[in-house]
Amino acid sequence: MASAKTIDRFGGLVAAIAIGFSLCAAAWGQVQPPAADSVKVHDRPSDDGSAVVVEWPKPAELPENVQYVIEIARKPEDFADKKFQTIKITPSKNLLKTGREKYFGFAASNQDWYAEEVTPAEYLKPQIPWAFTAEESAHLRTVGDVAAVAGIKDALTGLEQWKSLTWCVKEGLLSEKDAQRAWLAWKLTERYAKDVTAATAEATAVQKKAEEELEQAVEARKQAQTAVSQASGPGLEQAKESLAAAVAAEARARAALRSANEAARMTGERVREGLTKSERSDVDWLGRLDSYLEQAKAKRLKKAMQEINAGTYCYRFGVRSEGGETTLVGPVGAEAVYSGRAEANLFRRYKLNNLVFALAFSGIVLTFIQIAKRNPNLYIRKIAGLEAVEEAIGRATEMGRSAYFVHGLGGVSDLATIAAINVLSRVARRAAEYDTRVRVMNWEPIVTAVSQEVVQQAYTEAGRPDAYDPDDIALVGYNQFSYAAAVAARMVREQPAAIFLIGYFLAESLLLSETGASTGAIQVAGTDSDSQLPFFITTCDYTLIGEELYAASAYLSREPRMLGSLRGQDVAKAFLMTAMVVGTIVFTMAVAFGWHVEWIKGLFEVLD
Amino acid sequence: MWYKRTIPLLIVFTIGVLAFAHNYVPLRISDQFRERLSEWFRIIGGFALFLGAYSLLHMHVSRIRKQQPGWAYSVFVFVGAAGMIIVGLLNEGYGPLRSAPVGQPTWYQWGYDYIQKPCQATIFSLLAFFMASAAFRTFRARNTSAALLLASALIVMFGRVAIFQTVSAWFGAQSSFARHADGLFSATTDAIMEYPNLAATRAILLGISLGAISQSLRILFGIERSYLGGGD
Amino acid sequence: MDAPETSTSPMRQNIERIVLIALVIAFAVVTYIVVRRPAGVGEEPKATRDIIGVIISAGLTLIMYSFLYRDNPLFKMAENLYVGVALGYEAILVWRQSLVPEIVDPLFRAPTGQALVSAIMERGIAILLGLMLLTRLSKKHSWFSRYSYGLMIGWWAGFGIYAVTDSMILKQLQASVAGLQKDVADSAWASTLFSGDWFTQVGLPIFGSAVLLVGVVSVLFYFFFSIEHRGPAGAVSKVGIWFLMVAFGAMFGYTVMGRLALLIDRFDFLLFDWLKLKNNLGI
Amino acid sequence: MAAPRADIKRIAVTRHIIYALLTVAIIVPMLRPTPCSFQPTPNSRRFHERIEQLPAGSEVLLSFDYSPDAKAELYPMSVTLLEQCFERGLIPVVMTHWPEGVRLAEQACHDVAKKYGKESGKDYVLLGFKPGGGNLLLNMGENFKSAFPEDYYHQPTATMAALKGVKTLRDIDLAVDLAAGPTVDMWVVYGSDRYGFPLAAGTTAVAAPKCYPYLQSGQLKGLLGGMRGAADYEQLVVKGVGPAGKLMLPQTVAHLLLIVLLVLANGRFTLARLRGKEGT
């Protein structure tokens with residue numbers, strides 16, 4: 001990361017050099033490589049140590065038909081004896097990213113740089129132990145040519161398989177016995193696969209033919225129809241006959257096509273039926289074994305690549321002109337060789353803003369919860385919908401009918417549900433006092449359990465534990481709409497006098513509230529799912545909008561945890577509001593007075 | 001008791017903190033941690049079904065046992081569930097472990113296509129009717145806010161479809177007035193969606209997000225325990 | 001469940017019963033006619049199971065619509081059947097998507113001993129936690145399940161803090177912090193509504209972003225609970241309510257289209273798949 | 001609204017009348033479909049342009065996150081989307097988070113691919129359904145091919161020509177979420193914001209209003225809202241009226257009906273008010 005910072009600092013200077021270079025380059029019509037000391041190879045900051053960054057000054061304008069070249073080798077000598085890999089980069093807006101805020105912050109100098117991220121393992125590939133090395137396979141191929149075996153490729157793949165199996169045995173992934181079985185099973189599978197491909201090809205051919213025939217038949221039928229429509233007098237009869245024939249032909253073609261499709265679908269099965277039972281089980285077994293081995297190999301390969309990435313390597317940098325000859329930076333003969341090493345970093349610097357906000361907000365909330373514990377009557381403004389709760393229960397009592405409490409779709413850890421449960425306890429309490437029946441409708445077992453406890457407690461506090469009936473808190477549906485249908489149906493059947501729709505709702509909201517309204521019940525709704533709020537607003541007598549629901553539950557329960565976090569959220573809201581207002585003012589003035597304030601946006605930038 | 005409350009709360013705290021922190025640490029181990037956990041959740045999630053299934057069936061069993069009014073209907077729940085599960089396991093003779101070849105019509109799919117889907121889609125589509133009646137019943141310009149609600153709803157309804165052009169098309173007229181009127185409404189609709197609607201939605205979003213974060217905090221620090229499902 | 005059934009005169013109940021039966025018969029007749037009609041020219045003849053299926057789902061669709069008039073035995077039947085089928089569908093889905101690939105295959109059908117061992121190493125704990133989840137069903141041992149819930153809820157809580165901060169708060173905040181000159185998100189409507197370059201290029205953008213700012217702030221303030229909404233505060237939150245109302249109206253109006261689409265879909269099924277009427281819209 | 005018992009009957013009657021009217025308003029135009037003309041909305045245009053400007057051969061991830069319920073709105077959209085991709089020589093990579101979405105995706109891919117003579121694995125990929133939701137996205141973001149080892153037809157993705165350039169979600173040139181539910185939020189939070197690929201959305205009309213904040217903040221690059229969006233998009237791509245366009249007529253008539261109802265209701269209400277009674 002240190003290196004990244006220095007780059008920021010020297011950015012301006014180097015940019016000047018770069019511009020100078022590219023200017024004279026423009027003069028001579030072809031691009032000069034940048035100064036050797038202006039090219040940097042360093043660890044990519046804030047990453048998992050999988051790449052280094054090669055940076056060089058960005059010329060004034062994108063060079064035409066010119067490629068940048070990065071050469072990577074294990075050690076300096078390798079450049080001499082041509083054991084290096086070459087990375088060609090064609091400059092273009094998409095290919096070559098500049099100004100990587102993600103890694104280098106929002107310094108203006110970022111724009112003066114080109115940066116290419118090099119993952120060594122992609123170029124210095126690991127030797128995959130279970131696959132053939134280039135030499136091996138070349139040798140085998142010659143052997144094959146000598147033997148002039150037809151289908152040498154299969155022989156090769158066979159040997160590949162064999163090698164991989166032996167490797168697995170060596171690695172202890174596979175016992176000798178299993179390896180043997182796998183080998184046999186593999187040969188069987190090869191044959192099986194060949195048969196399948198052959199059969200499939202056949203079947204698809206048949207399919208194609210059938211399709212074509214159908215198309216022709218349809219064409220013929222259409223013509224026949226037009227003929228009928230135009231024909232008249234004696235010709236008509238004949239035309240009709242031909243039409244009938246055409247229709248029949250079409251029907252046959254359709255039937256043919258259907259059976260062809262069916263056959264094509266079942267080819268695999270048919271070939272499979274050809275195998276004996278033990279063979280079949282072997283094939284299946286190999287399938288499962290392969291997927292297991294593949295995973296194991298993938299793990300090892302990943303590890304190998306990580307080891308490669310961790311190493312220190314040598315780089316050379318140059319420019320490749322139209323002609324194709326590469327001009328490396330540094331004096332001719334003694335081109336500059338940079339060495340770079342990718343290191344794993346401990347912190348994603350570009351996530352700092354996220355961390356700061358999260359921690360600050362957490363701090364605020366937790367503090368206020370503590371404060372609220374000491375003084376549980378923090379001020380909360382009155383919330384309109386709340387008198388409605390009492391009113392609704394009262395009405396239910398007058399009419400001697402039950403009150404419904406519908407929980408919605410939230411899980412037990414959803415904010416809305418927890419708020420709803422607090423409201424429920426209040427409702428249940430009142431209901432118990434007025435001796436009114438509350439029925440709670442759930443679709444989620446745990447919410448049901450919690451609701452049962454809450455209601456039971458409320459009845460006990462009201463001094464009438466006998467009146468509590470666990471069946472009143474029922475789980476009525478399994479998925480969204482079966483739940484909605486069940487609740488709606490019950491509403492119509494039992495005509496409750498008061499309905500509380502409180503919690504997290506989706507499309508079923510309107511279904512419930514409108515059905516409820518049709519029974520003439522007084523309805524109190526509360527949800528934080530904004531897409532459903534319009535419907536509650538229009539169909540219910542009172543609606544707790546979004547956060548009002550949280551506030552309501554805090555207001556009713558007076559629980560410090562609710563009060564405290566509500567206050568904490570208010571503080572955060574205050575911060576957001578000020579940030580918006582101030583920010584807008586600053587930016588407006590910035591445009592007026594030409595300030596550079598982009599870095600402010602940087603504070604809130606979310607970098608992936 | 002500590003192993004009934006304390007340990008679970010400790011688990012929540014540790015996992016939660018790790019889940020929060022690993023986002024800031026680019027080391028490979030944090031990726032491995034995330035991958036491993038997400039694999040575990042796939043497994044645990046599989047079991048969660050049994051809970052719901054059990055409590056639902058249990059409810060209907062008790063309904064039948066107690067002979068509550070309408071108990072006979074509960075039988076259909078079992079018919080449906082049993083039917084689907086049986087055809088699903090038989091799986092056209094391929095058995096519960098192998099999947100039928102791609103494109104093979106199965107009775108399991110049939111059950112979804114011709115029983116579950118129509119019921120679901122129809123109940124869903126009842127909303128159209130309810131919406132109409134709700135609008136008719138309740139949209140009244142009682143006061144300023146109600147008037148605003150009504151007005152913007154009307155404008156958006158106009159703006160989403162090209163009413164004037166369609167109507168004029170009925171009378172065979174291609175009036176440029178209709179074209180402009182529709183254009184006007186659709187433009188106003190966009191303006192409403194992109195300014196007042198956006199502002200309100202964003203504010204609600206921000207507020208709820210703050211709520212969600214503080215909720216998560218309460219859970220992490222064991223202040224919020226209702227998800228433990230009561231009991232000691 | 002002793003709540004009063006909807007109070008209706010026995011007379012009316014009888015009528016309704018008769019109507020219901022009549023409807024059922026009508027359905028049967030129509031279906032018979034439709035099925036008997038030969039497949040039209042160039043029409044793909046359907047497999048028997050599909051023909052039966054279409055009839056059944058048409059019946060279910062109509063039954064579900066009968067709820068619009070009033071709850072009735074057929075609806076209760078269909079409702080419960082649907083609940084059951086949905087459950088069965090879900091169960092099989094979970095079996096195929098989760099239980100088989102994650103548990104049965106690696107453990108009970110492990111290809112080799114080593115594979116089994118590694119599978120147990122990787123999945124053992126998870127499966128144990130899954131089983132503990134089931135103890136939720138017993139009153140006495142339900143506390144075992146807390147370990148599993150703890151894991152899941154803890155994860156989503158912790159991860160949520162990070163994710164929400166990123167996408168919901170920082171991004172949205174950044175989008176709201178901008179100069180008033182920020183050009184309108186889409187000036188196409190602007191040019192439709194207003195003419196004149198200055199107006200669309202300068203006036204509207206400023207006005208627009210001002211509206212945006214006022215809107216967001218005032219609605220946020222409406223959700224501000226720590227001070228009483230009186231005087232100026234009351235005025236601000238009043239503005240907030242107005243914004244909310246306009247937004248809700250807009251959402252309502254927008255949603256109409258979506259709900260109608262669902263209805264159209266069902267009618268498309270009834271008219272063209274069941275009754276096989278012509279000029280299918282082909283959705 | 002809570003109404004005294006006396007009113008309920010009357011309310012019920014009006015309600016049933018409205019239901020009947022709505023039914024007629026939809027069925028009649030469906031039986032006499034005449035395409036109605038309208039101009040694409042700016043949002044739809046921008047969505048269309050966003051895809052137009054992608055260079056040929058770039059991978060476009062399409063997520064069909066809807067079940068058959070939302071078919072009327074989203075299926076035409078999906079088909080048009082595939083058509084545009086194939087026309088521009090883009091490579092659609094189709095997946096779904098909803099198990100019921102698979103067969104719709106399969107159908108759409110099969111039909112459109114046949115129309116353009118494209119073959120699976122080379123010109124397009126059908127990955128099918130995978131459980132996991134947000135977690136699945138995270139896995140795809142780390143390693144696309146280990147999240148989807150094989151496609152819907154059980155072909156290994158590792159060797160697929162169409163997925164050559166795709167290591168993680170970051171390599172996706174554009175992702176489009178066709179959402180009937182809250183999946184857009186999921187795609188934003190666990191997908192585009194985390195792995196920084198451009199994301200656009202085509203949603204049901206219900207989900208659309210929620211998407212505007214994302215649209216303005218640039219978290220969404222484009223938005224098609226509901227059936228109108230689909231119809232616009234058809235006009236832009238196939239330069240004519242497609243399935244969604246045909247359905248705009250019943251939509252229009254039904255909207256007209258609703259508007260008339262609202263106006264009537266309010267007219268009555270205001271009259272009653274002027275006469276000094278509180279209207280219903």
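A polar contact is taken here as a pair of N or O atoms within 3.5 Å, where, within protein, one atom must be able to donate a hydrogen and the other to accept it. The model in these views is predicted.

**View 1. Domain 1 and domain 2 of chain B, with one residue pair in polar contact between them.** The domain assignment of chain B places domain 1 at residues 1–63 and domain 2 at residues 69–138, and the centres of these two domains, taken over C-alpha atoms, are separated by 29 Å. Between domain 1 of chain B and domain 2 of chain B the count is 1 residue pair in polar contact, with both residues at pLDDT 80 or more, whereas the number of salt bridges found across this interface is 0.

**View 2. The residues of chain B through which domain 1 meets domain 2.** On the side of domain 1 of chain B, 4 residues are in contact with 5 residues of domain 2 of chain B, and the two domains bury about 470 Å² between them, with 69% of that area on carbon and sulfur atoms. Of the area that domain 1 of chain B buries against domain 2 of chain B, 88% is supplied by B:Leu57, B:His60 and B:Arg63, which is more than any other three residues give. By class, the side of domain 1 of chain B that touches domain 2 of chain B consists of 2 nonpolar residues, 1 polar residue and 1 charged residue.

**View 3. The interface of chain B and chain C, where about 11,300 Å² is buried.** Chain B brings 123 residues into contact with 113 residues of chain C, and carbon and sulfur atoms give 78% of the area buried between the two chains. Across this interface there are 22 residue pairs in polar contact, counted with both residues at pLDDT 80 or more. Several helices of chain B each supply at least two residues of the side that touches chain C, among them helix 1 (2–21), helix 2 (28–65) and helix 4 (107–138), while the largest share of that side, 29 residues, comes from helix 7 of chain B. When the residues on the side of chain B that touches chain C are divided by class, 81 are nonpolar, 29 are polar and 13 are charged.

**View 4. A salt bridge between B:Glu39 and C:Arg123.** The side chains of B:Glu39 and C:Arg123 meet at 3.2 Å, taken from N to O, and the count of salt bridges between chain B and chain C is 3.

**View 5. The contact of chain A with chain D.** In this contact 20 residues come from chain A and 14 residues from chain D, and the two chains bury about 1,300 Å² between them, 47% of it on carbon and sulfur atoms. A:Ser518, A:Asp541 and A:Asp608 together supply 29% of the area that chain A buries against chain D, more than any other three residues.

**View 6. A salt bridge between D:Lys167 and A:Glu122.** The side chains of D:Lys167 and A:Glu122 meet at 3.7 Å, taken from N to O; between chain A and chain D the count is 3 salt bridges, together with 2 residue pairs in polar contact, both residues of each being at pLDDT 80 or more. Helix 15 of chain A (residues 508–518) gives the most to the side of chain A that touches chain D, with 3 residues. By class, that side of chain A has 5 nonpolar, 6 polar and 9 charged residues.

Conventions. Residues are numbered from 1 along each chain as its sequence is written. Chains are lettered from A and ligands numbered from 1 in the order in which they are written. This is a predicted model: local features need pLDDT of at least 70, side-chain atom pairs count only at pLDDT 80 or more; totals for chains, interfaces and linings use all residues. Side-chain values use heavy atoms; hydrogens and water are left out. Contact means heavy atoms within 4.5 Å. Buried area is the accessible area (1.4 Å probe) that two parts lose on being put together, summed over both. A salt bridge is a side-chain nitrogen of Lys or Arg within 4 Å of a carboxyl oxygen of Asp or Glu. A polar contact is a pair of N or O atoms within 3.5 Å; within protein, one must be able to donate a hydrogen and the other to accept it, and residues adjacent in sequence count only if both atoms are side-chain atoms. Helices (H or I, at least four residues) and strands (E, at least two) are DSSP runs, numbered from the N terminus. Ala, Val, Leu, Ile, Met, Phe, Trp, Tyr, Cys and Pro count as nonpolar, Asp, Glu, Lys and Arg as charged, and the others, Gly among them, as polar. Domain bounds come from an automatic or database domain assignment.
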